[in-house]
Amino acid sequence: MRKKVGLILALVLLLGLGLTQMSPFRARLEAALHAGGREFAQVMLSQDKGQALCSQYRDKLPPDLIPGFLAEQKALIQYPASGKLMGDWKNGEKVFTDPKRGNCYACHAGVASEVAHGTMGPSLTNYGQRGTSEAVVRYTYEKIYNAWAFVPCSLMYRGGVHRLFTPEETADLVAFLLDPESPINRR
């Protein structure tokens, strides 16, 4: 009997020690929050409604929530003041390759001669083969601006929603992908 009580006390003590220890991830997170200052901490710890849902359901939304989620994400899409959804492909290439903005090579192949690219997303080489119909241009624009308007909680970040690029720059990215003169479509 004494052995059992001793064993139970030892387990309770170990459990208590384990619960009071900070995990390495938690320690790094708290260090980053303290180093970044109050504004950084507020940004990192706040979630918009969509992100909160993705976190709550671990990126697998219940089917009954998906239609409303998609509609809310679509409502976040902003368009260029000019109404033109295809801009300047040369500027689009700059945004596409900028690690602080588009950073598209992190996940996608693009210009065929570029060998340093990620493979998480589909290859965008020769994306322009889809043509430049209004439907293709609009889909491309909206997908780039807010990927979650099409695939809830996808890994593709919401560059337009998070203001990594403007609506005009989103149109430039569309041109980089669709314009036949863009190097992404040259053979």
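**Before starting.** I am working with a predicted model, where local features need pLDDT of at least 70, side-chain atom pairs count only at pLDDT 80 or more, and totals for chains, interfaces and linings use all residues. I number residues from 1 along each chain as its sequence is written, and my side-chain values use heavy atoms, with hydrogens and water left out.

**Entry: serine 182.** I looked up where serine 182 sits, and found it in the segment after helix H7 (167-178). Helices here are DSSP runs of H or I with at least four residues, numbered from the N terminus. Is serine 182 buried or exposed? Serine 182 counts as buried because its relative accessibility is 0%; buried means under 20% relative accessible area, exposed over 50%, and partly exposed in between, with a 1.4 Å probe and protein chains only. Leaving aside residues up to four places away in sequence, I see serine 182 touching Trp89, Ala175 and Phe176. Contact here means heavy atoms within 4.5 Å.

**Entry: counting salt bridges.** How many salt bridges does a search of the whole structure find? My search gave 5. I count a salt bridge when a side-chain nitrogen of Lys or Arg is within 4 Å of a carboxyl oxygen of Asp or Glu. Side chains of opposite charge can pair when their charged atoms come close.

**Entry: glutamate 72 and lysine 49.** I found these two side chains joined in a salt bridge, at 2.9 Å from N to O. Glutamate 72 belongs to helix H4 (residues 66-75) and lysine 49 to helix H3 (residues 49-56), so the pair ties together parts that are 23 residues apart in sequence. Glutamate 72 is partly exposed at 36% relative accessibility, while lysine 49 is exposed at 55%.

**Entry: glutamate 142 and lysine 74.** Here I noted a salt bridge of 3.0 Å, N to O. It links distant parts of the chain, with glutamate 142 in helix H6 (residues 134-145) and lysine 74 in helix H4, 68 residues apart. Glutamate 142 is buried at 3% relative accessibility, whereas lysine 74 is partly exposed at 38%.

**Entry: glutamate 169 and arginine 101.** In this salt bridge I read 2.2 Å between the closest N and O atoms. Glutamate 169 is in helix H7 and arginine 101 in the loop between helix H5 (89-97) and H6, so the pair ties together parts 68 residues apart in sequence. Glutamate 169 counts as buried at 16% relative accessibility, and arginine 101 as partly exposed at 23%.

Notes:
Helix = DSSP H or I, 4+ residues; strand = E, 2+ residues; numbered from the N terminus.
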